[in-house]
Each structure stands twice: as C-alpha cells, then as structure tokens.
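Here is a short report on one protein model. It covers the cores, the helices and the charged pairs in turn.

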Amino acid sequence: MSHREVGQSPDEVFDVVDERDVVVGREFRREIHRRGLRHRAIHIFWLRGDGRLCLQRRSYAKDNCPGMLSSSCAGHVDAGETYLRAAERELREELGVAVPPEALQEVDYAPCHAELGNEFVRSYVLRGDHATALAAFEVDSILWRTPAETEAWARTEPAIFATPFLHLLRRADIRHALGLTA
C-alpha cells in the first residue's frame, strides 16, 4: 500500500526551517514531527459561488487530527517546493480540483506556532464552483457552511475542529477574506 493510500508517509521529506522561515536542512516527516522541528504548510479556504465555505473532514487514517473538521485543503510543503506549488498539488491530490496558480489568492502568512504544529502557514482562498474527486485516503468527506455558520459552530463545538484550523480562523486576514469582519 502506498503512502498516498494511507493518508501520509513517514518517509516524506520536508524542508526544516529556522525562526525566520529560512531553509536550514531537510528531514523525514516522522523526525520533523517527533522532534518538533519547524517546517512549512499550506491551507486553502474554498468559497463556492454561493458564498459557502468548504470544510474538510480529515481522513481517519491521518496521523494528525484524524476525523476532525478543517480548512478545505491543507498539507505540508515538500522539500524544495514553494508554498504556492504545494497548494496547487494538495488541492489536486485531496479534492481532485486542478486550478492555475492565479486562482489561488494568498490571504495570510502565519508565523510558526505550536497550535500550527510548528509550521509556518501560508493560507489561500479559492473562489468559484469546481467539480471534486475526493481522495478517500486523505479526505473522509466535505461539507459546506457559510463562514459565519462555520465560525459559530467552531465557537460552540471546538473539539470537532482541527487545532490549526481554529488558530487560522482567528487570524485577521483570514477573517477578512472570509467576510467575517465588519
């Protein structure tokens, strides 16, 4: 069984970065997580034409936050890969949505934080209606809620949401991009 069929592989290699997000080495996924090393990730917040936000229920095979609700798409940046290229790849791998890079609008750059799993995170917004083909080994299901419904739900039942998602949902630039600010 390949790592793409079980949700992730401990043999994936990611860039290790310093406190300024500068690459200082490379390490296996399992070592990065075991040792709490800084690394990079992306999150995508997909808003359909009707304004509803796609929430992903993470696969139960995931090693981090299995079965929890999260952003539309999230993933690590592979060694030598750019944030934007990782966002394109993860969107295609997880949701089966292939878009050109200009369809992904960067809205936030979050500094490394424990709630983000020691990751620097660039967040993107995707807008529009796109057909999906979910990767079952990555995604259990998707559901659609307005950003306001999502925020209210996360406030009343935070335990069903992935910690990184809750952290990002509090960030001003993401809130603004989702229309959650006055």
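## Cores

A nonpolar core is a set of buried Ala, Val, Leu, Ile, Met, Phe, Trp, Tyr and Cys residues joined through side-chain atoms within 4.5 Å. Buried means under 20% relative accessible area, exposed means over 50%, and partly exposed lies in between (1.4 Å probe, protein chains only). The model is predicted: local features need pLDDT of at least 70, side-chain atom pairs count only at pLDDT 80 or more, and totals for chains, interfaces and linings use all residues. Residues are numbered from 1 along each chain as its sequence is written, and side-chain values use heavy atoms, with hydrogens and water left out.

The largest nonpolar core holds 25 residues. F45, L55, F161, F165, L168 and L178 have the most contacts inside it. Two or more residues each come from β3, β4, β7 (104-113), β8 (119-127), α3, α4 and α5. Helices (H or I, at least four residues) and strands (E, at least two) are DSSP runs, numbered from the N terminus. Helix α4 gives the largest share of this core, 4 residues. A second, separate core has 20 residues, including C54, A86, A87 and L126.

Not counting residues up to four places away in sequence, F45 touches L53, S71, S72, S123, Y124, V125, L126, F165, L168, I174 and L178. Contact here means heavy atoms within 4.5 Å.

## Helix α3

Which residues of helix α3 are buried? In this helix (residues 147-156), they are P147, T150, E151, W153 and A154. They cover an arc of only 165° around the axis, so they sit on the same side of α3. The arc is that of the directions from the helix axis to the C-beta atoms. An α-helix has 3.6 residues a turn, so residues three or four places apart point the same way.

The buried residues of α3 pack against strands β3 (39-47), β4 (53-58), β5 (69-70) and β9 (139-145). They also pack against helices α4 (163-169) and α5 (172-177). The face turned away from the buried side carries the exposed residues R155 and T156.

## Helix α2

Helix α2 (residues 83-95) has 13 residues. At 1.5 Å a residue it should span 18 Å, and its end C-alpha atoms are 18 Å apart, which agrees. The expected span is 1.5 Å times one less than the number of residues. Just after α2, G96 takes a positive phi of about 70°.

Y83, A86, A87, E88, R89, E90, L91, E94 and L95 are buried in α2. The buried residues of α2 pack against β3, β4, β6 (73-76), β7, β8 and β9.

S72 is found in the loop between β5 and β6. S72 is buried, with a relative accessible area of 0%. Its side chain reaches the backbone oxygen of C54 at 2.6 Å. Leaving out residues up to four places away in sequence, S72 touches I44, F45, W46, L53, C54, Q56, E94 and L95.

P111 lies in strand β7. P111 is partly exposed, at 46% relative accessible area. Apart from neighbours within four places in sequence, P111 contacts L116, E119, F120 and R171.

## Salt bridges

How many salt bridges does the structure hold? There are 18 salt bridges, each a side-chain nitrogen of Lys or Arg within 4 Å of a carboxyl oxygen of Asp or Glu. E12 and R29 form one of them (3.0 Å, N to O). E12 lies in the segment before β1 (13-17) and R29 in helix α1 (residues 29-35), so the pair ties together parts 17 residues apart in sequence. E12 counts as buried at 13% relative accessibility, and R29 is buried at 7%.

D21 pairs with R40, the closest N and O atoms being 2.6 Å apart. D21 sits in the loop between β1 and β2 (23-28) and R40 in strand β3, 19 residues apart. D21 is buried at 9% relative accessible area, and R40 counts as buried at 14%.

E31 bridges to R35, with the closest N and O atoms 4.0 Å apart. The two are 4 residues apart in helix α1, so about one helical turn separates them. R35 is partly exposed, at 45%. D78, E81, R89, E90 and E93 are linked in a network of salt bridges.

Notes. A polar contact is a pair of N or O atoms within 3.5 Å; within protein, one must be able to donate a hydrogen and the other to accept it, and residues adjacent in sequence count only if both atoms are side-chain atoms.
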